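Here is a friendly briefing to read alongside the sequence and the 3D view. Keep both open and look up each residue as you go.

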Amino acid sequence: VNAPAGISRRAALQAGGLALAFTWVGGSKALAAISPRRQPADAAAALADGNPAFAPNAFVRIDADGGVRLVMPMVEMGQAIYTGSAMLLAEELGVELDQVRVEHSPPNEALYGMPLLGGQITGGSTSTRGTYGVLREAGAVARTLLVSAAAAQWKVDPASCTVARGVVSHAASSRQLGFGALAGAAAQLPMPEKVALKEPKDFKLIGQPLRRVDSPGKVNGSTQFGLDVRVPGMKVATVKACPTLGGVLASVDDKAARAIPGVVDVIRIKDAVAVVGEHFWAAKRGLDALTIQWTPGQNSALTTQQLRAALTDALAKDKAIVGKETGKRPEGTLVQATYDLPMLAHATMEPLNTTVHVRADQCEIWVGTQVPARCVSVAAKITGLAEDKVVLHNQYLGGGFGRQAGDRLCRAGRGLRQAGAVPAEGGVDARGRHSPRHRAPDVPRRHLGGGRRRRAGPLVRRPHRGRHRAGPLGPSLHGQGRHGRRPDRVRGRALLRPAEPQGRVGAARHARRASNVGWWRGVGPTHNLFVMESFIDELAQRARKDPVAYRRAMLKKNPRTLAVLDLAAEKIGWGKGALPAARGPRRGGGRPLRQPRVRHRSKSRSRRRARCACVARWSRWTVASR
Amino acid sequence: MITSTSTSVRCRQRPRRHALLWALRDVVGLTGTKFGCGIAQCGACTVHLDGQPVRSCVLPVGSVGKRAVTTIEAISQTPAGQRIQQAWLEVDVVQCGYCQSGQVMSAAALIQRTPNPSDADIDMAMSGNVCRCCTYSRIRAAIKQAATGKPEVLQSVVTMPARSAS
């Protein structure tokens, strides 16, 4: 098996391939100690978070006035995780979403590191399934302590008390106490060993399509994103980087820029120039006024055509193929198709930005990031300060897409270390505008052995479980995988794996030097599913079968995925005449949902439930906007 | 003169070419109006100039003159803005939310001048506002709901009535 060292392919598939991609950014799993109960680091964290009267764990804060604050382990970048995480906590705590305030978590691997990704990392669609159990239990721990405090005061059996809307009630004696009144007493109680979790049939919030908790601020402009951070006395920097990767700054004439009112400084970095201004307008005008000479480096003559040709060449010569064919080759016609996927630029709506204030004894950072703890480590290295002297305030992200999981702080930091003691905001990188990273180009080719063309059933013969090698772990274009291999190559392809006895992927190594590639929204599935599903469509067409019926036949042994497919087919009215007409010329570009994309996979009980919680959201989005 | 929220701000000390967006964000301190692209391609910076939607990232302060600038912070003070914001909450439009200030401003201007917009009107008015989360179908539904007052039925697998979270 050609799997990354130390990680079996089976493990990769079981985790949907998702867990692996992110392990590089995280700390060790030993540090990822997210827990529903109090931990050593909790006292300091609660103290820094307004010193609430009751803070039984890293997630629940109850103030003496009855205010309920919930600390979100994962970051919000549009995926509604603040709503989902709040639902998990509130369900077991016994409050409604209209009673809670959600907060960004501080960087702290010990308190918020998720074992599934090995750190305090938001990505890979893991947030709900990675925290489903722990957040419910965290809510239950808090509720148990609050109920115990009330029962002790009333001298009744805790089991005779009920909780609703942040109030503990004892019906027999008609007594009630709010969480705020109980917080002080609850804080004195020892941690309960075991807590009772609700039965799914008793859920009031989980499974309900509740409105988002973060909508009001985003509708009236009051939500603070990273770019909205304002620190007294701060300056604004904007950066122009060498237009080719590997190129460096040769010289820069900054006389005109420095003459512009409001321009504070011009900073030279190895492969970029930054202009610092009193406000963005000055910095921008200053940047425009620079005369820059670059030494473009060896990639300056590289063209897209060359990249494409190299990929195609590698594919033709089987150089890029890692996935092995083992087991019996299925009988029948070999169907082949090549799909050509371009390099795509990431562009979050919010320009990438970081605000940093470096002092002699402290570095303070304001940034919307998917990897807050990693940012702290990077900042500590840049500044030479200890990690506990780095304070990071996470912010709402104006889109994530994996782009906020990188190390842009490095670039900002390198410049800002020189900028000195004023807080400064590093702005847009002019090379990639919003991002210097692109999704890797991909020329995957599907090979499937099939039955005879006229055969009634699916063309694909299912190989024996565990014997086929569906995992084409192609050489990395991302430059981040272990031994140059990336699980992104298989991600999503495992979904219909009975249908994929041999999957092959082409990739060319040299592209790595020429472009800075990274994650794309949806990570692997955005290209892998396109290829996979398109190919299944082609097979269905050859078999003269309805594409949904064709998939149904493949999914006989996968009832949950089949149920998702059936539900999607039902909701779009598949097979009942024409699909609903697009409501406007732009809706779906006149190309209605051609086949439902099945994103569903889960094995363990908890993950299965967790997936249910977010499938609705995704399905809704997919069905409504395609 | 920039009128925003309920306050008026004199902005005469700025160079006349200074784009309105950064005068609002960096000088006045109103950060609800977003910087997305800086070249009038994404719509995140949309504000109203005497009720008309404009891209503030390319609008020089000097050209504002005595016209009233209304930003997302004050749009709830107009009936159209109020209806749009309410519909936005009811339809649960937002995802990451970064573009939504601009979406709300463009939508409010639309129903102000076209009280019952058709799909074509919505396309025309909203096509300059980019949403990377692709909330477009909900934006359309919310605009219609704000215009007609009738709840829009979204094509959705969810049949349970939504409850307000806040």
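Two strands pair if DSSP finds at least two bridges between them. Helices (H or I, at least four residues) and strands (E, at least two) are DSSP runs, numbered from the N terminus. This is a predicted model, in which local features need pLDDT of at least 70 and side-chain atom pairs count only at pLDDT 80 or more, while totals for chains, interfaces and linings use all residues; side-chain values use heavy atoms, with hydrogens and water left out. Residues are numbered from 1 along each chain as its sequence is written, and chains are lettered from A and ligands numbered from 1 in the order in which they are written.

**A sheet in chain A**

- In β5(A), A:Ser169 is the bridge partner of A:Thr162.
- β4(A) and β5(A) run antiparallel and are joined by four bridges.
- An open sheet of three strands has the order β4-β5-β6 in chain A, with antiparallel pairing.
- β4 and β6 (175-178) of chain A are the edge strands, as each pairs on one side only.
- On average, neighbouring strands of this sheet are turned by 25° against each other, direction ignored. Here axes are lines fitted to C-alpha atoms, for helices over the stretch in contact, and angles run from 0 to 180 degrees between N-to-C directions.
- Helix α7(A) packs on the sheet and touches β4, β5 and β6 of chain A, its direction making about 75° with that of β6(A). Contact means heavy atoms within 4.5 Å.

**Salt bridges**

- Side chains of opposite charge can pair when their charged atoms come close. A salt bridge is a side-chain nitrogen of Lys or Arg within 4 Å of a carboxyl oxygen of Asp or Glu.
- Over all chains, the count by this rule is 27 salt bridges.
- A:Lys198 and A:Glu91 meet in a salt bridge through their side chains, at 2.6 Å from N to O. A:Lys198 lies in the loop between α7 (179-187) and α8 (215-220) of chain A and A:Glu91 in helix α4 (residues 81-93) of chain A, so the pair ties together parts that are 107 residues apart in sequence.
- A:Glu91 is buried at 2% relative accessibility, whereas A:Lys198 is partly exposed at 24%. Buried means under 20% relative accessible area, exposed over 50%, and partly exposed in between (1.4 Å probe, protein chains only).
- A:Lys218 and A:Asp214 form a salt bridge with their closest N and O atoms 2.7 Å apart. Both are buried: A:Lys218 has a relative accessible area of 2%, and A:Asp214 has 5%.

**Aromatic rings**

- Rings of Phe, Tyr and Trp (its six-membered ring) pair if their centres lie within 6.5 Å; planes under 30 degrees apart count as stacked, over 60 as edge-to-face and the rest as tilted.
- Seven aromatic pairs turn up over all chains. One of them is the edge-to-face pair of A:Phe59 and A:Tyr112, with 5.6 Å centre to centre and 80° between the planes.
- A:Phe59 is buried at 0% relative accessibility, and A:Tyr112 is buried at 0% too.
- One aromatic cluster is formed by A:Phe280, A:Trp281, B:Trp22 and B:Phe35.

**A helix in chain B**

- How many of the 14 residues of α3(B) are buried? Twelve are, so the helix is largely enclosed by the rest of the structure.
- Among the buried residues of α3(B) are B:Gln100, B:Met105 and B:Ile111.
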